[in-house]
Amino acid sequence: MRKEIVEHGTIEGKKKGEAEWLDLDTLAHVQLSSEDPAFPIENALGTNRELNELGWRAVSPGAQTITLRFDAPQHIRRIFLHFVEREIERAQEFVLRYSSEKEKDREIVRQQWTFSPTGSAREIEDYEVKLESVTKLEIVIDPDRGRGHSLATLSALRLA
């Protein structure tokens, strides 16, 4: 008999909610419409919490696009996004879409959020999805819903 004792609340030895995040450094090529050299996209795509606190930031105001082009088609089951805005109040919208071997630029979600440094300074979105053979994942961030004054930011983007 094979037997393994795992702590309470675990599945297959992993805690519930824990994911095996994809290593985006080795699986994808990233295209960006803008990037502040002090806040590169690598800060947001890795799992290092210290770098996630710095995050990615655009160098110019207005809507920005981050595109992950996968070297080989990927099956994606979870998408985790984390945004932080501690400085100004603003209303943001983002659109997340994907392309696969069968579909092109299919919208997954469109979400709006109002940041308030004295209230809701963080937005966390955690989506369970079933996306097969994904060749491209794209997020378009409009940091102030068309006003063109604010910089887009992203603290973390993780895929499992």
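## Arg 110 and Glu 93

Arg 110 pairs up with Glu 93 in a salt bridge, with the closest N and O atoms 3.2 Å apart; the term here means a side-chain nitrogen of Lys or Arg within 4 Å of a carboxyl oxygen of Asp or Glu. Arg 110 sits in strand 7 and Glu 93 in strand 6 (residues 90-100), so the pair ties together parts that are 17 residues apart in sequence. Strands here are DSSP runs of E with at least two residues, helices are runs of H or I with at least four, and both are numbered from the N terminus.

This is a predicted model, where local features need pLDDT of at least 70, side-chain atom pairs count only at pLDDT 80 or more, and totals for chains, interfaces and linings use all residues. Residues are numbered from 1 along each chain as its sequence is written, and side-chain values use heavy atoms, with hydrogens and water left out.

How exposed are the two partners? Arg 110 is partly exposed, with a relative accessible area of 44%, while Glu 93 counts as buried at 18%. The cut-offs are under 20% relative accessible area for buried, over 50% for exposed and partly exposed in between (1.4 Å probe, protein chains only).

## Other salt bridges

The structure holds 11 salt bridges. One of them joins the side chains of Glu 132 and Arg 77, at 2.7 Å from N to O. Glu 132 lies in strand 8 and Arg 77 in strand 5 (residues 64-84), so this pair ties together parts 55 residues apart in sequence. Both ends are partly exposed: Glu 132 has a relative accessible area of 33%, and Arg 77 has 36%.

Asp 105 forms a salt bridge with Lys 136, and their closest N and O atoms are 2.8 Å apart. That pair links distant parts of the chain, with Asp 105 in the loop between strand 6 and strand 7, and Lys 136 in strand 8, 31 residues apart. Asp 105 is partly exposed at 33% relative accessible area, whereas Lys 136 is buried at 11%. There's also a network of salt bridges linking Glu 53, Arg 86 and Arg 122.

## Arg 158, a charge without a partner

Now for an arginine in strand 10 (residues 156-159): Arg 158. Arg 158 is buried yet has no salt bridge, and the nearest side chain of opposite charge, Asp 126, is 8.5 Å away. For charge, Lys and Arg count as positive and Asp and Glu as negative, with His and the chain ends not counted.

What does Arg 158 touch, leaving out residues up to four places away in sequence? Its contacts (heavy atoms within 4.5 Å) are Trp 21, Gly 46, Thr 47, Asn 52, Arg 78, Ile 79 and Phe 80.

## Gly 119 in its loop

Gly 119 is found in the loop between strand 7 (106-115) and strand 8 (122-142). Gly 119 is exposed, with a relative accessible area of 57%. Gly 119 and Glu 89 are 30 residues apart in sequence, and their C-alpha atoms are 9.5 Å apart in space.
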